[in-house]
Amino acid sequence: MSVRNLDSFFKPASIALIGASREANSVGNVVARNLITSGFKNPVWLVNPHGAEIYGQRLYPSVADLPSVPELAVIATPASTVPGLIAQIGAKGTKAAVVLSAGFMEAGEEGRARQAQMLEAAKPYTLRIVGPNCLGVLSPAGAFNASFAHRMPQKGGVALISQSGAMLTAIIDWAASRNIGFSHLVSFGGMADADFGDFLDYLAADAETRAVILYIESVRHARKFMSAARRCSRIKPVIVIKSGRSSEGAKAARSHTGALAGSDVVYDAAFRRGGMLRVATIEDLFEALETASRNVRVSGDRLAMLTNGGGAGVLATDYLMENGGHLAKLTPSTLEQLSAHLPKTWSHGNPVDIVGDAGPERYRASLEILRRDPGVDAIVAMNCPVAVADSSAAAQAVIDVVAEAKNDGGPPVFASWLGEAAAAPARHKLEAAGIPQFPTPENAVEAVLRLANYQRAQALLVEVPPATARGTHDTEAARRIVEKAVKEGRSWLSPVEAHDILKAYRIPTCDLRVATTPREAAEAAAAIGFPVAIKVKSPDILHKSDVGGVKLHLLDAAGVERAAQTMLREIAEKAPNAKVEGFLVQPMATRPSAHELIVGISEDELFGPVVLFGQGGTAVEVIADRALALPPLNAALARDLISRTRVSRLLAGYRDRLPVNIDAVIDVLLSLQDIAVELPQVKELDINPLWADHSGVLALDARIRVAPAKRAGTDRFAIKPYPTELVHTIADRSGKTYGLRPIRPEDADILQKTVAATAPEDMRMRFFSGLRQLPDALAKRLTQIDYDREMAFVLEEGDGSIGGVVRLSLDPDHVRGEYAIILRTDLKGRGLGYAMMDEILRYARSLGVKQVFGDVLAENTRMLKMADEFGFRREAHGPSPGVVEVTLNL
């Protein structure tokens with residue numbers, strides 16, 4: 001829906017509890033007590049049909065008897081009464097309701113009907129609902145507890161949004177022991193109305209919230225969720241913990257890629273593409289939150305280890321290498337400097353073991369040297385307690401170095417002081433100094449790797465590629481194949497059809513001949529040339545090698561005929577009910593140094609198309625080395641997808657094996673994306689194996705499942721691609737043309753030049769302040785937009801410079817949008833401002849936007865005159881003194 005009225009959940013002018021109870025420990029009793037004792041300064045009214053009082057508060061017999069309209073209602077009455085109550089409070093003017101009652105979607109057909117009635121009752125009043133069947137809402141920032149949680153958390157900067165009430169109360173308890181405070185906490189329960197997307201939108205702009213925690217069991221609206229998550233995570237950390245999800249559909253899938261659709265791996269890909277940080281456990285959650293709250297940033301995963309005990313360094317290194325990190329290679333200069341300050345018995349490498357008797361001087365000198373090494377992204381400083389050195393003094397040396405080098409851009413330091421009682425004083429020191437510290441070396445390394453992955457995901461937020469096909473394919477030929485199969489009611493394309501689809505999309509494949517008998521197979525092999533491979537052609541056999549349906553390295557016609565006959569016998573034994581239509585004959589490709597990969601696409605029920613990459617071959621499930629990504633992809637995103645697999649290290653080359661032509665692999669991944677865009681009937685596609693070596697790629701086998709398409713093109717994508725279809729030109733009064741296109745993330749630097757070339761007075765009219773340069777965060781915010789909810793057209797000159805920007809920021813429900821426009825001073829007076837305004841209003845109409853508004857300084861007469869000419873109405877009361885709100889109903 002939108003952020004409309006969500007403010008009423010956190011900043012209500014008044015609250016009514018409908019269903020307050022005098023029965024001890026009942027939900028209505030506990031919520032009443034929490035509301036009254038939480039310190040809320042505004043009115044709280046309690047409703048119970050039997051009247052009397054509770055906790056010194058009067059009980060009103062009905063909603064009609066309340067002294068005024070409650071902005072927020074909390075409902076704890078039987079489920080059957082809820083739809084009527086929602087209609088009643090909505091008609092009175094209540095903006096939001098928390099429905100604690102159970103008995104809705106989880107209660108079968110009757111409950112589903114009741115939930116529909118509840119939503120229908122709320123709709124005419126835009127009344128927002130949290131719940132039903134939830135714990136409630138707590139807002140330490142607003143000083144109220146509208147829940148039946150066991151305690152009120154302390155105030156802080158973390159917002160917690162949870163589908164599970166039990167997890168919310170558990171996290172409150174864990175947070176209390178770590179002195180972590182919250183701005184707002186919401187338990188969704190049945191999530192009938194307000195959901196993760198809505199609250200992420202709200203919290204992105206909430207000044208009380210510095211970080212967001214999500215406890216997710218499932219997501220309902222993928223594009224809405226991704227859009228809101230990407231917006232919020234650009235501004236503040238979003239940390240996700242998600243419970244497992246299984247899918248019966250995944251069990252039934254017959255391709256490797258299809259088996260991953262509906263799985264938790266797809267959520268992983270979504271969280272990563274949304275710039276969020278996913279953690280696996282509650283302990284990880286708080287460690288990540290603590291690190292994020294300290295604003296620690298790492299530029300990569302090349303770690304230096306500093307330790308007074310070799311064993312600790314080895315443990316840290318093992319964990320680093322097992323989890324995809326890299327041990328920093330220290331420069332000769334660094335090694336030389338360390339040798340000058342350390343005893344001869346030091347390790348002379350990384351990990352830097354400064355020997356067991358190391359005092360604070362060695363820690364200080366070593367840390368200072370390591371922080372100057374350009375190949376180090378982060379440092380893990382460790383200490384094992386010994387009788388001959390002071391652990392606390394060593395910790396103080398680390399603290400001093402970090403404090404003296406604050407904001408110097410060097411690598412951050414993470415600490416792990418091992419032990420318990422002996423390490424406690426040092427740990428307290430490190431904690432107080434703001435240095436992330438962890439009980440074990442593995443915990444410290446994990447924190448660094450988690451941050452490195454998070455930073456990579458954040459960097460990829462700027463990638464918003466188009467998803468238009470690249471125009472080098474025989475799309476019509478491929479479409480005819482797919483449509484014919486769908487029309488015939490077939491789910492799987494034949495191997496020949498799959499081969500032809502790959503050819504149509506310029507994916508390199510082997511020649512393919514079809515034979516119906518062993519003799520014909522031998523003749524086809526002779527025509528191709530030896531050696532050859534033969535495979536069974538059967539609509540009932542997908543994993544051919546499992547039933548003896550693949551024979552390789554056949555050197556002559558007689559051998560081919562014998563192999564085909566053997567194949568028929570083996571299949572008769574292993575798959576007696578399979579229909580065998582013949583044989584596929586292909587030349588025996590020989591690429592001795594090629595790697596076997598798997599690539600594919602499938603359509604997830606929630607997130608739409610996903611792209612797969614991993615290590616292929618017959619043991620693909622056993623190896624389980626694969627990664628998924630949500631389209632749209634470009635080369636940078638495809639390269640990131642490849643990098644998240646173990647096999648990517650082999651592809652870089654080793655010993656006598658040359659590096660793989662990664663560009664050729666990327667080209668195949670982008671071709672698969674083109675198939676997803678142009679052939680929405682394709683639901684699963686596997687290429688396994690895809691051979692890859694230094695000379696390129698070769699697809700040896702493919703499986704493709706099709707079904708009627710419910711939605712076409714990129715409408716199925718969870719992330720809206722860059723809208724290339726909106727790129728066009730406009731002209732000024734003299735007829736000179738300019739480009740007009742949607743803004744891109746890489747426009748940030750060019751936009752700064754536009755700002756510098758714009759008169760201060762014009763900047764003040766646009767930003768209501770005398771900005772001479774945009775703060776980096778604002779420049780990113782203005783250029784890294786989500787095209788699903790915002791549009792900014794840039795006026796582009798022939799040299800690529802930006803002459804102006806016109807913007808429309810929409811409610812997530814696309815009902816209302818705010819415009820803003822700026823034109824470089826030297827371009828004014830040419831009619832370009834009018835032309836740009838006309839374009840953004842035309843765009844708003846194309847989306848069905850109901851109203852466009854803008855805030856204009858009262859002294860900005862030129863803008864007000866233009867608004868008048870476009871039919872805007874000046875509102876009687878502006879949002880603040882000296883500001884006029886203008887509105888245009890479309």
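User: At roughly what angle do the axes of helix α13 and helix α14 cross?
Analyst: This is a predicted model. In it, the axes of α13 (residues 332–341) and α14 (residues 360–371) cross at roughly 170° and come within 10 Å. Since an angle over 145 degrees counts as roughly antiparallel, α13 is therefore roughly antiparallel to α14.

User: Which residues in α13 and α14 meet?
Analyst: From α13 there are Thr334, Gln337, Leu338 and His341, and they meet Ala365, Ser366, Ile369 and Leu370 of α14. By class, this contact has four nonpolar and four polar residues, with no charged ones.

User: And α29 with α30: at what angle do the axes cross?
Analyst: The axes of α29 (residues 832–847) and α30 (residues 861–869) cross at roughly 50°, coming within 11 Å. That angle makes α29 oblique to α30.

User: Is the crossing of α29 and α30 left-handed or right-handed?
Analyst: The crossing of these two helices, α29 and α30, is right-handed. In α29, Gly833, Tyr834 and Met837 meet Lys865, Met866 and Glu869 in α30. The classes in this contact are three nonpolar, one polar and two charged residues.

User: What is Leu214 in contact with, leaving aside its neighbours within four places in sequence?
Analyst: Leu214 is in contact with Ile161, Phe196, Leu200, Phe225, Val238, Ile239, Val240, Ile241 and Met276, once those sequence neighbours are set aside.

User: Now the backbone. Is the peptide bond from Phe530 to Pro531 cis or trans?
Analyst: The bond from Phe530 to Pro531 is cis, and its omega is near 0°. Pro531 sits in the loop between α20 (518–528) and β21 (532–537). The peptide bond from Asn688 to Pro689 is also cis, with omega near 5°; Pro689 belongs to strand β27 (residues 682–693). Most peptide bonds are trans.

User: What about Asn25: is its phi positive or negative?
Analyst: Asn25 has a positive phi of about 65°, although this residue is not a glycine. Asn25 is placed in the loop between β1 (15–18) and α2 (27–37). Its relative accessibility is 68%, so Asn25 counts as exposed.

User: And where is His553 found?
Analyst: His553 is found in strand β22 (residues 550–554). Phi of His553 is positive, near 55°, in a residue other than glycine. With a relative accessible area of 52%, His553 is exposed.

Definitions and conventions:
Residues are numbered from 1 along each chain as its sequence is written. This is a predicted model: local features need pLDDT of at least 70, side-chain atom pairs count only at pLDDT 80 or more; totals for chains, interfaces and linings use all residues. Side-chain values use heavy atoms; hydrogens and water are left out. Axes are lines fitted to C-alpha atoms, for helices over the stretch in contact, and angles run from 0 to 180 degrees between N-to-C directions. Helices (H or I, at least four residues) and strands (E, at least two) are DSSP runs, numbered from the N terminus. Angles under 35 degrees count as roughly parallel, over 145 as roughly antiparallel, 65 to 115 as roughly perpendicular and the rest as oblique. Contact means heavy atoms within 4.5 Å. Ala, Val, Leu, Ile, Met, Phe, Trp, Tyr, Cys and Pro count as nonpolar, Asp, Glu, Lys and Arg as charged, and the others, Gly among them, as polar. A crossing is left-handed if the near helix is turned anticlockwise from the far one by less than a right angle, and right-handed if clockwise. Buried means under 20% relative accessible area, exposed over 50%, partly exposed in between (1.4 Å probe, protein chains only).
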